[in-house]
Amino acid sequence: DTVASSNGFPGGAGLGGGDGIVLGGINDTLTGCVFTSNFDDGVEAFPGTNNAAHDCTAESNGFGSGAGSGFDGVSRLTECSANFNVADGAVVSNGVVINCIANGNGANGFSVVFTHVSDCEASANALDGILASQSRIRDCSVTGNLDDGIEGAGGNFISGNNANGNAANGIVITGPSNTIENNHCVANGAFGIDTVTSAAGAVNAIFANRTTGNMAGAGYFFDFGTNTYGPIVVGPGPVAGLYNENIDY
């Protein structure tokens, strides 16, 4: 229940370089706190320190440094909000992000590596709603972001998400060994689902998705030479004899 506001002015002065709070120990927990209008990050945690934040808000941080995120390095985020920060809403590695919101940030909503993300909302961010590598992204809503809804590099499991109204793709995959299933991609500015994996051996599994009203082509683009996918049905319903996996209505 602490507020840390407007720290680090002028010029990022002070031990934390203008962060709202710096967590330098291990197993620290923040609960019910607000970090707003700080020179750099709202919260900065040292890597690998297993720190957590619950029911916290990080808003409008980083305008002094031009590079501050809401939460940077916290391992476990639950029921937190990261809004209108200059860089990413939250940067998490080897952690968990559950039931959190990232709205209107100047870069990505959530930027995650080796992290489980579920039941989160990422909207109106200047880059991707969720940028992920080696992570599980499940049951999230990514809407109205100015680049892709979800961008995945390698090794992600992306399932059950709604990717709607993003300026570029609903979901784009740029690396190998991803599984993309049961996602719903509606009215995105480019493809509903796009794979950019022309390198040899860049194999992804893509099935049981729905794409509706996307601006580019039939709503999907797959590198058919390298990816495993269910047959795609275009039109009002399935075609007889086809296993109805990826559907574009």
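Predicted model: local features only at pLDDT ≥ 70, side-chain atom pairs only at ≥ 80, totals over all residues.
Which residues does Asp148 touch, not counting residues up to four places away in sequence?

Asp148 sits in the loop between β19 (141–143) and β20 (150–152). With residues up to four places away left out, Asp148 touches Leu127, Asp128, Gly129, Asn166, Ala168, Asn169, Gly170 and Val172. Asp148 is buried, yet no salt bridge goes with it. The nearest side chain of opposite charge belongs to Arg210, and that is 20 Å away. A salt bridge needs a nitrogen within 4 Å of a carboxyl oxygen, so Arg210 does not qualify as a partner for Asp148.

Where is a salt bridge found, then? A search of the whole structure gives 1. Asp139 forms a salt bridge with Arg138, and their closest N and O atoms are 2.8 Å apart. Asp139 is partly exposed, at 35% relative accessibility. Arg138 is also classed as partly exposed, at 24%.

Next, the core. As a general point, nonpolar side chains in soluble globular proteins tend to be buried together. In this model the largest nonpolar core has 39 residues. The members that touch the most other members are Phe71, Leu77, Phe110, Ile130 and Ile137. Several strands supply at least two residues each to this core: β5, β11 (90–93), β14 (110–113), β17 (130–133) and β23 (171–173).

Take Ile137 from that list. Ile137 lies in strand β18 (residues 136–138). Is Ile137 buried or exposed? Its relative accessibility is 0%, and the cut-off for buried is under 20%, so Ile137 counts as buried.

Setting aside neighbours within four places in sequence, Ile130 is in contact with Phe110, Val117, Ala122, Ile137, Cys140, Val142, Gly149, Ile150 and Glu151.

Now the strand β17. In a regular strand the side chains alternate between the two faces of the sheet. In β17 the covered face carries Ile130 and Ala132, and the uncovered face carries Leu131 and Ser133. Which strands does β17 pair with? One is β14, joined to β17 in the parallel sense over 4 bridges. There, Val113 stands opposite Ser133 of β17. Another is β20, which runs parallel to β17 and is joined to β17 by 3 bridges. Here Ile130 stands opposite Ile150 of β20.

Last item, the aromatic rings. How many aromatic pairs does a search of the whole structure find? The search finds 1. The pair is Phe9 with Phe39, edge-to-face, at 5.3 Å centre to centre and 70° between the planes. Phe9 is in the loop between β1 (3–5) and β2 (21–23), and Phe39 is in the loop between β4 (34–36) and β5 (43–45). The two residues are 30 apart, and the pair links distant parts of the chain. Phe9 is partly exposed, with a relative accessible area of 47%. Phe39 counts as buried, at 13%.

That is what I have for today.

Conventions
Residues numbered from 1 in each chain as written. Heavy atoms only, no water. Phe/Tyr/Trp six-rings, centres within 6.5 Å; stacked < 30°, edge-to-face > 60°. Buried < 20%, exposed > 50% of the residue type's maximum accessible area, 1.4 Å probe, protein only. Lys, Arg positive; Asp, Glu negative; His and termini not counted. Contact = heavy atoms within 4.5 Å. Core = buried A, V, L, I, M, F, W, Y, C linked by side-chain atoms within 4.5 Å. Pairing = 2+ DSSP bridges.
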